[in-house]
2 protein chains.
Amino acid sequence: MTATRSVGIVTAQRARFTEPLLLRSGGVLPAYELVYETYGTLNASGSNAVLVCHALSGSHHVAGVYADQPKSTGWWDNLVGPGKPLDTNKFFVVGVNNLGGCFGSTGPMSHNPATDRPWGADFPFVTVEDWVDSHARLADQLGIQSWAAVLGGSLGGMQALAWTLRYPERVRHGMVIAAAPTLSTENIAFNEVARQAILTDPEFHGGNYYAHGVVPARGLRLARMLGHITYLSDDAMAEKFGRKLRHGEHKYHFDVEYEIESYLRYQGDKFAGFFDANTYLLTTKALDYFDPALDFEGDLCASLARAKAKFFLASFSTDWRFAPARSREIVYALLHNKREVSYVEIDSSAGHDSFLLDNPHYHAAMRAYFQNIEV
Amino acid sequence: MTATRSVGIVTAQRARFTEPLLLRSGGVLPAYELVYETYGTLNASGSNAVLVCHALSGSHHVAGVYADQPKSTGWWDNLVGPGKPLDTNKFFVVGVNNLGGCFGSTGPMSHNPATDRPWGADFPFVTVEDWVDSHARLADQLGIQSWAAVLGGSLGGMQALAWTLRYPERVRHGMVIAAAPTLSTENIAFNEVARQAILTDPEFHGGNYYAHGVVPARGLRLARMLGHITYLSDDAMAEKFGRKLRHGEHKYHFDVEYEIESYLRYQGDKFAGFFDANTYLLTTKALDYFDPALDFEGDLCASLARAKAKFFLASFSTDWRFAPARSREIVYALLHNKREVSYVEIDSSAGHDSFLLDNPHYHAAMRAYFQNIEV
């Protein structure tokens, strides 16, 4: 087996687009910037490019570390690098921060030239399809006519699927991990509670909190605490925290009694310290809206007929956010269209978060699939 | 089959207790009142009394209606009444509001004689066992030496179980519906998010919001929205709401788009309008703390050895809050102790809320069990 290593020190780059982007909501972004990173080398024919799409809280920083920030490892570093399943000795890998994001691409925190203030609540709603359109323009700038693969987990998997539908000639392999063809009612319900936590935070100020020098940290913290419950499985939480008491006995107060409380508060506080609330709102709405079958009277088979790519899908046994059955809906619809599909259901106790972990069976399946992609 | 009818117009009663109640938390309630209702007639030997324990948002108002309030039907009216499964022609049924509640029994909204203000944040933590102790004193006052049955669903089921352990000689049948021997890590996690929503609401004022003439409605609303997701099943939500759009198309705003959002907001607003936030906090803590095996090194079998009652347990296939597997833990522990146990797993799409509905198989099982209870 090849020794694997990190892609090492990486630097984000920035692309500017001055042609207005027409959005599905009817809105228009007159101009925008995308921040992105690349790993590996684009070959002469441009045939070895892979796009990695990020999920709710992710970014363009997929692999490697930033200089002088040893803890800044990319969110999918275990997958991407020399000798890793997505091998940068073979592939040229691109990560890009989605529009509406808070890590450098144009979003609610960015300057709105029309008002000379941050966009805030005026930032238009963006959809998965809008992101794909903006990524296509980035591909144009980078000289990538067709991606060897577009992949992502969760919301990133929805983008990979949308790529195969919106630009069927420009994706050779769609890799859809821990995703679903739509959010379930329960998924929307959880998103709605998270949004209401932010929208009703007195420091939200209708989305224009930047001007007040505050952030709706309470709401964002609650949203993240709730999110974390849905990323983990009941089993994973039971294994890791069980009913472990912080002080060995009941203290009868509202401070931390059970270790799980401490974990959730810590995750919530950390997230509220760096993530933008407007981005959170917009991203949960993009999730809710995603529904490739909507224009096909709910017929997923009909909607996927456009795709020309080959597909790889993976789901995880204890993922109750996007359960294996939801991946199978996509698999069956693709098979119905006689597409070539590889599908693996991975036994994992880690719930939805499994897609970020280096489960050996999962990574072995990814490695094999990438090895068989011709460039 | 007997015709069933309502118990009709009912009136709450009030019992006062002046002997201090020593609480598990180490606190003491110097004196307290319990508000309760009764249906049917206590027989001469006092052998036909049944105690109904309520869950998080329930009350003593189990059956019937209040005069001039036609919408005030009791929360388990479909179960309790003449000819109903818990037949008030045979049984004398008692419902009681738990201590710490907000429907009339002494709780955070009550006057604290020590400070001449509402108890608020000073109200002591109460546990399931404390409730059982206070209910035992009510039984004394009512002349009930032993209950024919103590029953409840969810947190009410935990009280029924605790009764059989704390007063084994005073319960002939323990009826534990849609319950669990403890909360799971995930259950505690959801409770913690709900509590943090309330505790961090700027209008919570450390629990003494009464003095400020406000209530932490935002927090309570979020807590209830979240709770509702866990009371329903994914299936039930999908059946009832699916991805139904309020306006038939995406509107790209943060007002209601999907019908599920409207439902959750409505439930949240309604609840925040009548329920007390301190009661909500205390009750979720009582749920977290419940753990009959805690004093038995986690050995549920050993902890249930004290029980002398016969048992009826029921669980519901799509209940993911207290899944059937959790009821089975109790069943196995009781069987290990050679107790007589009837157990039924009911197919129902309605999730945890199933215990409140009149599912015909469930009610038939309850009816049969009550018919076989000798009085």
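So, B:Asp122: it's partly exposed, with a relative accessible area of 41%. Keep in mind that this is a predicted model. B:Asp122 has a partner, B:Arg117, and their side chains meet in a salt bridge, 3.9 Å from N to O. B:Arg117 comes out at 39% relative accessibility, so that one counts as partly exposed too.

Now hop over to chain A for another pair. A:Lys84 and A:Asp77 also form a salt bridge, this time with 3.1 Å between N and O. Are these two buried or exposed? A:Lys84 is buried, at 9% relative accessible area, and A:Asp77 is buried as well, at 13%. Why would such side chains pair up at all? Well, opposite charges on side chains can pair when the charged atoms come close. Over all chains, the rule counts 46 salt bridges.

Okay, on to where the two chains meet. How many residues of each chain are in contact with the other? It's 51 residues of chain B against 51 residues of chain A. Together the chains bury about 4,700 Å², and 68% of that is on carbon and sulfur atoms. If you want three residues to look at, pick B:Arg243, B:Tyr252 and B:Phe254: they supply 17% of the area that chain B buries against chain A, more than any other three residues.

Helix 3 of chain B gives the largest share, with 11 residues. Sorted by class, chain B's side has 26 nonpolar, 10 polar and 15 charged residues.

Speaking of charge, the rule finds eight salt bridges across the interface. In one of them, B:Glu192 pairs with A:Arg265, with the closest N and O atoms 2.5 Å apart. In another, the side chains of B:Glu261 and A:Arg195 meet at 2.8 Å, N to O. B:Glu261 sits in helix 6 of chain B and A:Arg195 in helix 3 of chain A, so this pair joins two chains. Both B:Glu261 and A:Arg195 are buried. And they belong to a network of salt bridges that links A:Glu192, A:Arg195, A:Asp288, B:Glu261 and B:Arg265.

Next up, helix 7 of chain A, residues 277-289. Its 13 residues, at 1.5 Å each, should span 18 Å, and the end C-alpha atoms are 19 Å apart, which agrees. Is this helix out in the open or enclosed? 13 of its 13 residues are buried, so helix 7 of chain A is largely enclosed by the rest of the structure. At its start, a side-chain oxygen of A:Asp276 reaches to within 3.2 Å of the backbone nitrogen of A:Asn278.

Last stop: A:Asp291, in the loop between helix 7 and helix 8 of chain A. A:Asp291 is buried, at 14% relative accessible area. What does it touch, leaving aside neighbours within four places in sequence? A:Pro181, A:Thr182 and B:Arg243. A:Pro181 is 110 residues away along the chain, yet the two C-alpha atoms are separated by 6.4 Å.

Notes: Residues are numbered from 1 along each chain as its sequence is written. Chains are lettered from A and ligands numbered from 1 in the order in which they are written. This is a predicted model: local features need pLDDT of at least 70, side-chain atom pairs count only at pLDDT 80 or more; totals for chains, interfaces and linings use all residues. Side-chain values use heavy atoms; hydrogens and water are left out. Contact means heavy atoms within 4.5 Å. Buried area is the accessible area (1.4 Å probe) that two parts lose on being put together, summed over both. A salt bridge is a side-chain nitrogen of Lys or Arg within 4 Å of a carboxyl oxygen of Asp or Glu. Helices (H or I, at least four residues) and strands (E, at least two) are DSSP runs, numbered from the N terminus. Ala, Val, Leu, Ile, Met, Phe, Trp, Tyr, Cys and Pro count as nonpolar, Asp, Glu, Lys and Arg as charged, and the others, Gly among them, as polar. The expected span of a helix is 1.5 Å times one less than its number of residues. Buried means under 20% relative accessible area, exposed over 50%, partly exposed in between (1.4 Å probe, protein chains only). A polar contact is a pair of N or O atoms within 3.5 Å; within protein, one must be able to donate a hydrogen and the other to accept it, and residues adjacent in sequence count only if both atoms are side-chain atoms.
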